[in-house]
Amino acid sequence: VQLQESGPGLVKPSQTLSLTCTVSGGSITISTYYWIWIRQPPEKGLEWMGGIEYSGETHFSPSLKSRTSISWDTSKTQFTLHLNSVTPEATAVYYCAARRRGSLQYDYWGQGTQVTVSP
């Protein structure tokens, strides 16, 4: 199973950042996994942003909840992150990941995509 992030590498402040994670390959029952977005700013640790169940139920980091949404496109086996009103502090490598529901271990990771927020 492969996860691949895609989206713009450069976003201007105050704009909306949209990233898509495409799930492909292997034999996986999507509904048995929990799908997550994580980011890592420069010289900082990993930050859990939010996740989505196949049902569409979402959960977000309290610090990002007001500006974040995640949705599934089941026809394309993709899930998308939207982060509104970005600032330069949103500059980071963004990862999508998946873990079995009920597990704390991440089973699959994307390779990550660099996003820079700059005028």
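Buried here means under 20% relative accessible area, exposed over 50%, and partly exposed in between, with a 1.4 Å probe and protein chains only. All views show a predicted model, in which local features need pLDDT of at least 70, side-chain atom pairs count only at pLDDT 80 or more, and totals for chains, interfaces and linings use all residues. Residues are numbered from 1 along each chain as its sequence is written, and side-chain values use heavy atoms, with hydrogens and water left out.

**View 1. W72 pairs with W35 and with F79.** Let's start with the rings. Rings of Phe, Tyr and Trp (its six-membered ring) pair if their centres lie within 6.5 Å; planes under 30 degrees apart count as stacked, over 60 as edge-to-face and the rest as tilted. By this rule there are nine aromatic pairs. One of them joins W35 and W72 edge-to-face, at 5.4 Å centre to centre and with 90° between the planes. This pair connects distant parts of the chain, 37 residues apart: W35 sits in strand β4 (residues 33-40) and W72 in strand β7 (residues 68-73). Strands (E, at least two residues) are DSSP runs, numbered from the N terminus. W72 has a relative accessibility of 15%, so it counts as buried. W72 also makes a tilted pair with F79, again 5.4 Å centre to centre, with 45° between the planes. The relative accessible area is 0% for F79 and 0% for W35.

**View 2. Seven residues make up one aromatic cluster: Y33, W35, W37, Y54, W72, F79 and Y108.**

**View 3. Four strands build an open antiparallel sheet in the order β1-β3-β8-β7.** Strands pair if DSSP finds at least two bridges between them. At the edges lie β1 (2-6) and β7, each pairing on one side only. From one strand to the next, the twist averages 20°, using axes that are lines fitted to C-alpha atoms and angles that run from 0 to 180 degrees between N-to-C directions. Inside the sheet, β3 (residues 17-24) and β8 (residues 78-83) run antiparallel and share six bridges. Look for L17, whose bridge partner in β8 is L83.

**View 4. β7 and β8 form a hairpin with four residues between them.** Six bridges hold these antiparallel strands side by side, and T68 stands opposite L83. In the turn, T77 has a positive phi of about 50°.
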